[in-house]
Amino acid sequence: MKTFLLQFFTWWNSQTLGTRFHTWRFGKKVGEDEAGNVYYEGGIDSEGRTRRWVIYRDYSEASNIPPGWHGWMHHRVDTPPPSESYKARDWQKPHRPNLTGTAGAYRPQGSILTNQHRPQVTGDYDAWTPGS
């Protein structure tokens, strides 16, 4: 019952009832990633391509899609990662959640949210003033 209510009233918890119905009706499971997200395809979009979508295991956060699946989702590659020998490149980093609004958020030196002081201006910048 809890799952039904979450799917009925929220969009950020895995999937909505509409997505569940659409997946049941048209979806063909393609694979699953290491985070537990499940990928589907089925139907045709307005550009004539096969529709592709993901049902997240937890919260719906697009940055949680690994690089290999991201390429498949956006039609950059035709074969999904499970059906090929995909290996992430050195520059492709593992997922980190969005930390905005948390204690782990990025705060540059001089931010009003830190106890650091703003660095002194070095004189290499002249502020614009009207009439100059």
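Q: Which residue in β3 stands opposite Y39?
A: In this predicted model, the residue of β3 that stands opposite Y39 is V54.

Q: What makes β2 and β3 a pair of strands?
A: Two strands count as paired if DSSP finds at least two bridges between them. Strand β2 (residues 38-44) and strand β3 (residues 50-55) share 5 bridges in the antiparallel sense, and therefore they meet the criterion for pairing.

Q: How many residues lie between the strands in the hairpin of β2 and β3, and which residue takes a positive phi?
A: The hairpin has 5 residues between its strands, and G48 takes a positive phi near 85 degrees.

Q: Why are β1 and β2 also called paired?
A: The requirement is at least two bridges; β1 and β2 have 4, in the antiparallel sense, so the term applies to them.

Q: In what order do the strands form the open sheet, and what makes β1 and β3 its edge strands?
A: The order is β1-β2-β3, with 3 strands and antiparallel pairing. Both β1 (28-32) and β3 pair on one side only, and are the edge strands. Neighbouring strands of the sheet are turned by 30 degrees against each other on average, with direction ignored.

Q: Across which strands does helix α2 lie, and at what angle does the helix run to β3?
A: Helix α2 (residues 17-26) lies across β1, β2 and β3, and its angle to β3 is about 130 degrees.

Q: What pattern do the helices and strands follow along the sequence?
A: The protein chain contains 3 helices and 3 strands, and its pattern reads α-α-β-β-β-α.

Q: What share of the protein chain is made up of buried residues, and what makes a residue buried?
A: A residue is buried if its relative accessible area is under 20%. Of the 132 residues in the protein chain, 24% are buried.

Q: What is the volume of the largest pocket, and which residues are the closest to its centre?
A: The volume is about 330 Å³. Lining residues number 17, and E34, I65, P66, P67 and G68 are the closest to the centre of the largest pocket.

Note on methods: Residues numbered from 1 in each chain as written. Predicted model: local features only at pLDDT ≥ 70, side-chain atom pairs only at ≥ 80, totals over all residues. Heavy atoms only, no water. 1 Å grid on protein atoms, 1.4 Å probe; cavity = no way out; pocket = protein on both sides within 12 Å on 5 of 7 lines; lining within 4 Å. Points joined across faces, edges and corners; volume = space filled by probe spheres on them. Helix = DSSP H or I, 4+ residues; strand = E, 2+ residues; numbered from the N terminus. Axes fitted to C-alpha atoms, helices over the stretch in contact; angles between N-to-C directions. Contact = heavy atoms within 4.5 Å. Buried < 20%, exposed > 50% of the residue type's maximum accessible area, 1.4 Å probe, protein only.
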